[in-house]
Amino acid sequence: MQQHGPAQEQQREILVPQEDDLEQPPYLYPGYVGTRLRAPKEPLIILPKTLSDITGPVYGHRKPGELDNDLTRQHGGEPQGQKIIVHGRVLDGDGRPVRNTLVEIWQANAAGRYRHKVDQHPAPIDPNFSGAGRTLTDDDGYYRFITIKPGAYPWQNHYNAWRPAHIHFSLFGRAFRSRLVTQMYFPGDPLFFQDPIFNSVRDEKARGRMISSFDLEATIPEEALGFRFDIVLEGRDATPFERPHA
C-alpha cells in the first residue's frame with residue numbers, strides 16, 4: 001500500500017499543477033512529455049546568493065555587437081524566408097521601462113530547423129542563418145530584432161505533433177541567476193490547439209500575452225513585416241515564463 005505522509009504531500013504540491021497559478025506554466029504538465037523528466041521530485045530549496053551572483057559577469061564574455069540584433073546580416077549571404085521585425089518593450093509590473101537589460105533570442109530557420117547537432121529534422125539547414133541574436137534595452141526599455149519568420153517543425157511529444165512557429169526569448173537581470181525565459185508566438189497560428197507548451201499556461205488571457213501582434217507601423221515596405229511583443233516581468237499582466245527546473 002502506498003503511504004501518504006508529509007513528504008509525499010510536499011512532493012505532490014510541486015508535481016501537481018496548482019489551480020491558483022493558472023497564468024504561469026506548472027513544473028509538471030503531463031501533456032508536455034519533457035516535463036515528466038524535468039519536474040522536480042523533491043521540494044525546492046532556495047540557495048543564498050553568493051558574491052559571484054551579484055558581481056559576476058552580466059553580459060557574458062562580450063557586450064552585444066553591431067550585428068547581434070540583425071540575424072539577417074550575420075553571414076555573407078541572404079537567409080531564406082520572410083524577413084520580419086520583432087520589437088517591443090520590457091516593463092516592470094507598474095509599466096515602467098526596464099533599462100539596459102540583455103535580451104537574447106534563438107529560433108528555427110524558415111524551414112523549421114535549428115542549427116544544432118541535436119536537431120535531426122530532415123529540413124534544410126540555411127548556411128546564412130544561425131538563428132541567435134542579442135541586444136540591450138534602451139532607456140525606454142525598448143528592444144528590436146531583424147530576423148526571419150521561423151517555420152513550424154515536427155517533434156515527438158505525441159502523434160503527429162508539430163510546434164507552432166515561435167521565437168525563444170531570454171532576459172537577464174543584474175546577474176545570470178535572474179534569468180527569465182519565455183516564447184513568442186505569431187497571431188492566428190493553426191497549431192496552437194495541439195501544442196502542450198503553449199497550453200500549459202491554462203489562463204486564456206495569459207496565453208494571449210505570449211502572442212505577438214502584427215505591427216504595420218514597424219513594417220518596412222517591400223522588405224519586412226513588423227511584429228510587436230512587449231514583455232512584462234511581474235504583476236497581474238506578467239508574461240508567462242518557463243519555470244526553472246531542478
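F169 counts as buried because its relative accessibility is 0%; buried means under 20% relative accessible area, exposed over 50%, and partly exposed in between (1.4 Å probe, protein chains only). F229, at 1% relative accessibility, is likewise counted as buried.

The structure is a predicted model, in which local features need pLDDT of at least 70 and side-chain atom pairs count only at pLDDT 80 or more, while totals for chains, interfaces and linings use all residues. Residues are numbered from 1 along each chain as its sequence is written, and side-chain values use heavy atoms, with hydrogens and water left out.

Rings of Phe, Tyr and Trp (its six-membered ring) pair if their centres lie within 6.5 Å; planes under 30 degrees apart count as stacked, over 60 as edge-to-face and the rest as tilted.

| Pair | Centre to centre | Angle between planes | Class |
|---|---|---|---|
| F169 and F229 | 5.2 Å | 55° | tilted |
| Y185 and F192 | 5.8 Å | 80° | edge-to-face |

The pair of F169 and F229 links distant parts of the chain, 60 residues apart. Y143, F145, F169 and F229 form one aromatic cluster. Y185 and F192 are both buried.

Charged groups also lie over rings, a contact that requires NZ of Lys or CZ of Arg within 6 Å of the ring centre and within 35 degrees of the ring normal. The charged end of K149 sits over the ring of F186, 5.0 Å from its centre, and that of R163 sits over the ring of W155, 5.8 Å from its centre.

Key. Helices (H or I, at least four residues) and strands (E, at least two) are DSSP runs, numbered from the N terminus.
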